[in-house]
Amino acid sequence: MNLKTKALKKSLWVYHMSGGSCNNCDIEILDCLTPKFDLERFGIVLVGSPRHADVLLCTGIVNKKCVERVKEVYEQTAKPCVVVAIGACACSGGMFRDSYEMGGPLNKIIPVDIYIPGCPPKPEAMIAGIVKVLEKLK
Amino acid sequence: MKNNKKTVIVPIGPYHPLLEEPEFFALYCDGEKIVDVEWQAGYNHRGIEKLSESKHWDQVTFLVERICGICSTSHPFAYCNTIENLIGMTIPERAKYIRSIIGELERIHSHLLWMGLAGHFLGYNTVFMWAWKYREPVLDLFEIISGNRNHYAMFKIGGVRRNIENEDIPKIRKMLAEIKGQLEMLIGAVLDDPVLTARLKNVGVLTKQDIKNFGSVGPVARASGVDVDVRRDEPYAAYPLVEWSVITAKNGDVLDKAVVRLSECLEAVKIITQCLDAIEGKAGEIGEEVRRVPEGEGIGRHEAPRGECFHYIRSDGANSPVRHKIRAPSYTNVPTFKASCIGQTISDVAIILAGVDPCYCCTERVAVYDAGKKKKLYDFQHLVELSKQKTERIRKEI
């Protein structure tokens, strides 16, 4: 394990990015940070800038208008960076896969490390996903 | 507006950490004062109206549910109203009550969500954490009733898909009583707080005339004294069968919007309790089978947490809609920033923009591309920082 990965796995800072989602996964991500689930006890904090992020949480189908922005955000993150696709839309396109606005799914645009399916995935599923990220880094 | 030397442009979005959705606002400022605001949409457009034309009538219910995750009942509700209007049918009594229960539970969770975010924008993270903590039992209730926390999939043309079992009702009632107690506590704490009052009073005022000019709906209109509510004006589901009142306020500032929303939560509890009374211990059909949708046109409306949600459908008698038009409440509510933001200071903008409870994923039915422009747009954090500093200042003064 090199120094960068060792430093990364201590306290994960996440940046949340919505690429044309229905808002539900985004709300559930915020839910993870509120008292009932409280991800902060694992040292996981939502940050305001992709430059501070260790993990990118991406939701939504990534429509054509968002594609450039999503790439730009990914380029701004410090590497190594773990990309998590949250929800059916980000994983596969879900019921929007035939849409004319479809620019994704996410793995066509940026490399994705973890997929958390569900519409929306429950906060428990997201926490399980993030724990798997931690294991993967070890 | 033209950009002269004195005005400074403050870009917000499209990706910023606090609003969940990508959205772009440009504020034109002269010193601290806002001179003009520009709005750029399209980051959430998914082509749902077009997709709907390629899906079966029953599939469209689930498609429109995924227009918005916060008010995910409002679109199926309006859609089912539309189809039933097209066919000219009525649904069984029990289905009506169950529909209203789901609609009102959603209102509680949506308004609590807004209250939390509003507290967050003001630098009051206690309100944020409280409101979201008390929102959890509502989501648990949804899980008991429908099996999912969001996207309940309860609606179908002609009724509802799942029954609320009579054995579950005492449990639901008990949880509802707890939620009511917590709501009352939260409302008392929020509305009695001198800092919040000082921070929200006379901020982002929308007059009655503004509301009429923009055609705003829902809590935004009701906070300015415009008494509109689809549930009362054009009754559907179980709303004409239960006792409740429309909440209005006078001033139209952000404080009044908060008052209206929070009082509506209690009103929603009242409606749900009466609906539960009506269905408890009785048996009944929860849906009628619809074999065919005839040729024709239909409209349907539903008072979503954010206001009137409107659907229009044209059918040629085949398997799927020929045209499906959706108008979500934020479509008329969001442009009111032209009236409410201009002349205010930068530190108030975050809460004014949040004050209408904008829902962009509902609104975006049209996409406009502008591939040429590329800007660096990551400055909302700074704006929220300013907002927090102002709250801190007022807190010290009081």
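This is a predicted model: local features need pLDDT of at least 70, side-chain atom pairs count only at pLDDT 80 or more; totals for chains, interfaces and linings use all residues.
Let me start with the contact between the two chains, to which chain A gives 34 residues and chain B likewise gives 34 residues. On the side of chain A that touches chain B, the elements that contribute two or more residues are β1 (13–18), α2 (24–33) and α3 (64–76) of chain A, and among these α2(A) supplies the largest share, with five residues. If we sort that side of chain A by residue class, we find 15 nonpolar residues, eleven polar ones and eight charged ones.

For chain B the mean pLDDT is 85, with 90% of the residues of that chain reaching 70 or more.

Let me turn to the domains of chain B. The assignment gives domain 1 as 8–45 + 345–397 and domain 2 as 48–330, and the centres of these two domains of chain B, taken over C-alpha atoms, are separated by 26 Å. Where they meet, 23 residues of domain 1 of chain B are in contact with 25 residues of domain 2 of chain B. On the domain 1 side of that contact, α14 (346–355), α15 (360–363) and α16 (380–397) of chain B each supply at least two residues, and the largest share, seven residues, comes from α16(B). By class, this side of domain 1 of chain B divides into 13 nonpolar, four polar and six charged residues.

My last topic is a pair of helices in chain B, α5 (residues 125–146) and α6 (residues 169–191), whose axes come within 10 Å and cross at roughly 165°. Because angles over 145 degrees count as roughly antiparallel, α5(B) is described as roughly antiparallel to α6(B), and the crossing of the two is left-handed. Which residues of α5(B) and α6(B) meet? From α5(B) they include Val127(B), Trp130(B), Tyr134(B), Leu141(B) and Ile144(B), while those from α6(B) include Ile172(B), Met175(B), Ile179(B), Leu183(B) and Val190(B), with Lys171(B), Glu178(B) and Gln182(B) also among them. Taken by class, the contact of α5(B) with α6(B) has 14 nonpolar residues, one polar residue and two charged residues.

Notes:
Residues are numbered from 1 along each chain as its sequence is written. Chains are lettered from A and ligands numbered from 1 in the order in which they are written. Two residues are in contact if their C-beta atoms, placed from the backbone, lie within 7 Å. Helices (H or I, at least four residues) and strands (E, at least two) are DSSP runs, numbered from the N terminus. Ala, Val, Leu, Ile, Met, Phe, Trp, Tyr, Cys and Pro count as nonpolar, Asp, Glu, Lys and Arg as charged, and the others, Gly among them, as polar. pLDDT is the predictor's confidence in each residue, from 0 to 100. Domain bounds come from an automatic or database domain assignment. Axes are lines fitted to C-alpha atoms, for helices over the stretch in contact, and angles run from 0 to 180 degrees between N-to-C directions. Angles under 35 degrees count as roughly parallel, over 145 as roughly antiparallel, 65 to 115 as roughly perpendicular and the rest as oblique. A crossing is left-handed if the near helix is turned anticlockwise from the far one by less than a right angle, and right-handed if clockwise.
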